Amino acid sequence: MQVYVVGGAVRDRLLGLPVQDRDHVVVGATPEDMARLGFRPVGRDFPVFLHPETQEEYALARTERKTARGYKGFQVYASPEVTLEQDLIRRDLTINAMAEAEDGRIIDPYGGQRDLAAKVLRHVSAAFAEDPLRILRVARFAARFPDFGVAPETLELMRAMVRSGEIDALVPERVWQEISRGLMEGRPSRLIEVLRDCGALAKLLPEVDALFGVPQDPAKHPEIDTGVHLLRVLDWAAAQGHELPVRYAALVHDLGKGLTPRSRWPDHNGHEAAGIAAVRGVSTRLKVPTDCKELALTVARWHGEAHRADRLDAAGLLALLEATDAFRRPERFEQFLLACADDHHGRPGYETRPFSQAERLRQALTAARSVDAGAVAAAAPAGGIPKAIHAARTAAIAAALPS
């Protein structure tokens, strides 16, 4: 029995990055051998075990044979005769197909160290084309390592996989899993760029793909192209360390602009309301978690009003607070403001320009919440409580934020 550390742990150590998780491959062993040593079986599709003390994963060396379309259409073969090299050749990228022996020796049969040095994401073998999920993984790694380029032959293989329809076999849960992980990387714009370069974006997120080439008013958007704006907003959100719901909202906040008739370009008046159905459609199709979906819908519908908050009077500010459910859900309202700020700063020349509208809205919410709704209700005539509270909140905002 020989045990090797494999995959991301080897790659990250060679890059000088912190190693988060260590996966192992065991060569020359059977499931019975593992059980006898106290390892607990957890693999559903192939033999994977948890170490009895460290709880790290140990997988038996295996080969796979494609039997059907999709990322689950494989027949797995694991036995003591499978070699380390046979196991590694089934992996996605050369930089993930290296192993480290117990004595620290690096086993690198497919040029992973060469590609690390050259900063290239390259597929290990033709078996890459058998798993459409790998298209998303390459895009995610591009977002994690933004100075790495995709090898031309790998990009062409990804394009062929899209053309063949193999990508259509992906289930929504796995698509969302990879996209959400890519959004949380350091440069999420690369996720979108790589998916677009290989044609997968048009298949998986056609609503986002439709934004590229759509012009905006250059006076407000010096970058002009709506798709370029989206990429900048995503990267700004990542640079601020914003959480997933905010980043997802950034991804879909302008989908309405992709629906604007060409005859109206570059005017997108009303795109906020127009994009609601598209945001809901994407979120439903990918089975996006509720917190991400709800924030995305709020941002898509009301980010335009937030940008105009410096021109809203007390009544207008209160209307926006009510529309965004700020009183009942102040934490989500804060996420809304963060996403709107990302939208503001995601334009050339706006990186250091303050988004004062957010502070104005925070002050308006503080003023409105200072109203003692119970006391107002007690003094209000029968049936007039909502109107009285609304009037008191409007007056409080007007006093705190004079025009």
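Me: Which residue in strand 8 is the bridge partner of Val6?

Reply: Ala99 is that partner. The model is predicted, so local features need pLDDT of at least 70 and side-chain atom pairs pLDDT 80 or more, while totals for chains, interfaces and linings use all residues. Residues are numbered from 1 along each chain as its sequence is written, and side-chain values use heavy atoms, with hydrogens and water left out.

Me: What makes strand 1 and strand 8 a pair?

Reply: Two strands pair if DSSP finds at least two bridges between them. Strand 1 (residues 2-6) and strand 8 (residues 99-100) are joined by 2 bridges and run antiparallel, so they count as paired. Strands here are DSSP runs of E with at least two residues, and helices are runs of H or I with at least four, both numbered from the N terminus.

Me: Why are strand 3 and strand 9 said to stand at the edges?

Reply: The open sheet has 7 strands in the order 3-4-5-2-1-8-9, with mixed pairing. Strand 3 (40-41) and strand 9 (106-107) each have a single partner strand, so one side of each is left without a neighbour in the sheet.

Me: Why is Met184 called partly exposed?

Reply: Buried means under 20% relative accessible area, exposed over 50%, and partly exposed in between, with a 1.4 Å probe and protein chains only. Met184 has 38%, so it is partly exposed. Met184 lies in the loop between helix 7 (172-183) and helix 8 (188-197).

Me: What does Met184 touch?

Reply: Contact means heavy atoms within 4.5 Å. Not counting residues up to four places away in sequence, Met184 touches His242, Glu243, Leu244 and Arg247.

Me: What makes the bond between Trp265 and Pro266 a cis peptide bond?

Reply: Its omega is about 0 degrees. Most peptide bonds are trans. Pro266 is found in the loop between helix 12 (244-252) and helix 13 (271-274).
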